[in-house]
Amino acid sequence: MFIKISRILYLLLIVFVASIFIPKYYWMKFEKNITRPMVYYSPVIHDFIIPKMAFKEMSYVDTKGNKYDRDQYELLTPLLNYRQLTSVGKLPDSLNGVPLSIETIRLNNFMLGAKTYTIDAKPIQLFPLFESKSGRVRLEMPDDYFRITNRFEFIDCQTNSINQEKSNLFTSALSNENFSFPATMIAGNPNDKKPFDEGYFVLDSQNKLFHVKMIKGKPFCVNTNIPNSLDIAYMNISEMPLREFYGFLFTKQGEVYLISYDNYKLIKLPLDNFNMQKENFSMTGDQFYRTISLTSAKGVRTIATDRNYKIVDHYQDNWLGNYDMPAGIVASWLFPFTLRLGDSSSSFSNFYFRFSEAHSWIVSLFLTLLVYFILRNRKISLKQGWFDLIIVLFSGIFGFIAVLLVKNIDNNN
């Protein structure tokens, strides 16, 4: 009996390992690298321009099918490529009747976004709180880091001790704003290379959103009064010289908002059915337009808006994913399921199952019948070989390999 149980466990172990590594090496051989294009909106021709790679040569195409070379593309996107155009003396003096200057272009240009795998990323819950009004040209890293658990705590980097005086000061400031400890989300930019500091946006245990920073050594804590019914799932804060908005946030309902400098007023972006687990979000801006793209493994959706976030144009393109190509179709028949230790939509290592279409059961059934005839040829009864048939039926080629590798069945049980 012990030998029989050991064999069953051995079979299961082989199926487990095979379901990870056989598909992995299969896709290492047959997977195609799918380029997800960046879509740009031209303020010159008022149309989208899409980079296309063909035979290792880059070309640029608008939605009407017109093709451009690199020099033409740069002239059609002067705000994006202003450095190159300036260096060759081709930057226009005005665009759409509006004068252009390098300083104005720099001020208005920005690019931000979020990848699917960053959504569930959990940073170490220790953050630097910069002095926002130090009077220095550059920000300086502090000597302590903070966390917000049942209170606001600053931990000295050298001694690993808590600065009680500073901790009490900020704890009281948050408490006076009716902050409910602990914090459930802290979002900010901990990079000391940023142009200035806006601190952090902190979600408390009652889903109220607060703005926290340090000014002249004193706490600045404000309840933004953003509705706690918003159900915030993700926030990204990035200081930009334009000072139009602090950053953006996603809700669990798939809505995207900008947090404006206008008393934390929310600006809802005109996006439909955004899936933060499957679509990358990117947003670029210039002196005239905003271009917002949602890119998945099989397509891109892009809108261009004016400075008031009213849609002026939209673009959509779809392409075949790896599972839609011949290699993927073969895999859907060959593997009833796959097990991966990582996924492009997550920053965590875990077990990620992917089940194939129902037609994979045809291959599993065929392999089960094949094992049945193999057992008969070995003169092994169904009473002895029933588990071999079951494991092949439910795990297909993985179970078939396991049964072939572990041949011996205890004939005495």
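Colleague: Why is Arg243 called partly exposed?

Modeller: Its relative accessible area is 42%. Buried means under 20%, exposed over 50%, and partly exposed in between, using a 1.4 Å probe and protein chains only. So Arg243, at 42%, goes in the partly exposed class. Keep in mind that this is a predicted model, where local features need pLDDT of at least 70, side-chain atom pairs count only at pLDDT 80 or more, and totals for chains, interfaces and linings use all residues. Residues are numbered from 1 along each chain as its sequence is written, and side-chain values use heavy atoms, with hydrogens and water left out.

Colleague: Where does Arg243 sit?

Modeller: In the loop between β15 (232-237) and β16 (245-251). Helices (H or I, at least four residues) and strands (E, at least two) are DSSP runs, numbered from the N terminus. Arg243 also has a phi near 55°, which is positive in a residue other than glycine.

Colleague: Is Asn263 buried or exposed?

Modeller: Exposed, because its relative accessibility is 64%.

Colleague: And what makes Glu153 count as buried?

Modeller: Glu153 has 9% relative accessibility, so it counts as buried. This residue belongs to strand β10 (residues 152-156).

Colleague: How do you know that Glu153 and Arg147 make a polar contact?

Modeller: Their side chains are joined at 2.9 Å. The rule asks for a pair of N or O atoms within 3.5 Å; within protein, one must be able to donate a hydrogen and the other to accept it, and residues adjacent in sequence count only if both atoms are side-chain atoms. So the pair at 2.9 Å qualifies. Another polar contact, at 3.4 Å, links the side chains of Glu153 and Arg151. Leaving out residues up to four places away in sequence, Glu153 touches Tyr145, Phe146, Arg147, Ile162 and Ser167, where contact means heavy atoms within 4.5 Å.

Colleague: What makes a group of residues a nonpolar core?

Modeller: They are buried Ala, Val, Leu, Ile, Met, Phe, Trp, Tyr and Cys residues joined through side-chain atoms within 4.5 Å. The largest one here has 24 residues, and Leu11, Val371, Ile391, Val392 and Phe398 have the most contacts inside it. Two or more residues come from each of α1 (2-30), α6, α7 (360-377), α8 (382-395) and α9 (397-405). Of these, α1 gives the largest share, 6 residues. A second, separate core has 22 residues, including Ile119, Leu271, Met276 and Tyr309.

Colleague: Which residues does Val371 contact, setting aside neighbours within four places in sequence?

Modeller: Those are Asp388, Leu389, Val392, Phe400 and Val403.

Colleague: Why is the bond between Phe181 and Pro182 called cis?

Modeller: Omega of that peptide bond is about 0°. Most peptide bonds are trans. Pro182 is in the loop between α5 (164-176) and β11 (185-188).
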